[in-house]
Amino acid sequence: MLFLDGRFLAVPDAYWPHACVALEIDSRAWHLSPAGHERSLARANRLTAAGLPVVRTTPVRLRRDPASVLQELAALLATGPHGPHARLSWRRAR
């Protein structure tokens, strides 16, 4: 769970606190319903508005072309920290 200035921000699928980078895996199983899709967009918009770079992918892309996803992540991880690094706190979701 990510918090910005102590207030809940989002629960990304993965987060690298040293670089302030998030990963979102948008699967049809979780985001196919209109409500699920809306929640996913709102979460991504909150992360982006807070200044965090978000790598978004699908499970299919992750399986078929993991190198490109890793390349995107590696580029961001190498150039971080990004965004409001000092204002973010995180803890593992249960």
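The legends below describe close-up views of a predicted model. Local features are given only where pLDDT is at least 70 and side-chain atom pairs only at pLDDT 80 or more, while totals for chains, interfaces and linings use all residues. Residues are numbered from 1 along each chain as its sequence is written, and side-chain values use heavy atoms, with hydrogens and water left out.

**View 1. The open antiparallel sheet S2-S1-S6.** Three strands make up this open sheet in the order S2-S1-S6, with antiparallel pairing; strands (E, at least two residues) and helices (H or I, at least four residues) are DSSP runs numbered from the N terminus, and two strands pair if DSSP finds at least two bridges between them. Strand S2 (7–10) and strand S6 (88–90) are the edge strands, each with a single partner, so one side of each has no neighbour in the sheet. From one strand to the next the twist averages 40 degrees, where axes are lines fitted to C-alpha atoms, for helices over the stretch in contact, and angles run from 0 to 180 degrees between N-to-C directions. Strand S1 (residues 2–4) is joined to S6 by 3 bridges in the antiparallel sense, and Leu4 has Leu88 as its bridge partner in S6. Helix H2 (residues 34–49) packs on this sheet, touching S1 and S2, and its direction makes about 115 degrees with that of S2; contact here means heavy atoms within 4.5 Å.

View 2. S3 and S4 pair in the antiparallel sense over 3 bridges, with Trp16 standing opposite Val21 in S4.

**View 3. Strand S5 beside strand S4.** Strand S4 (residues 21–25) and S5 run parallel and are joined by 4 bridges; in S5, Arg56 is the bridge partner of Glu24. In a regular strand the side chains alternate between the two faces of the sheet. Buried means under 20% relative accessible area, exposed over 50%, and partly exposed in between (1.4 Å probe, protein chains only).

**View 4. Two aromatic pairs.** The count comes to 2 aromatic pairs, where rings of Phe, Tyr and Trp (its six-membered ring) pair if their centres lie within 6.5 Å, and planes under 30 degrees apart count as stacked, over 60 as edge-to-face and the rest as tilted. Phe3 and Phe8 form an edge-to-face pair, at 6.1 Å centre to centre and with 75 degrees between the planes. Phe3 is buried at 13% relative accessible area, while Phe8 is partly exposed at 47%. The ring centres of Tyr15 and Trp90 are 6.3 Å apart and their planes lie at 65 degrees, so this pair is also edge-to-face. Because Tyr15 lies in strand S3 (residues 14–16) and Trp90 in strand S6, the pair ties together parts that are 75 residues apart in sequence. Tyr15 is buried, with a relative accessible area of 16%, and Trp90 is partly exposed at 41%.

View 5. His82 is placed in the loop between H4 and S6 and counts as buried at 16% relative accessibility. Its side chain reaches the backbone oxygen of Leu76 at 2.8 Å, and a polar contact of 3.3 Å joins the side chains of His82 and Thr79. A polar contact is a pair of N or O atoms within 3.5 Å; within protein, one must be able to donate a hydrogen and the other to accept it, and residues adjacent in sequence count only if both atoms are side-chain atoms. Leaving aside neighbours within four places in sequence, the contacts of His82 include Cys20, Val21 and Pro53. Pro81 lies in this loop too, and a cis peptide bond, with omega of about 5 degrees, joins Gly80 and Pro81.
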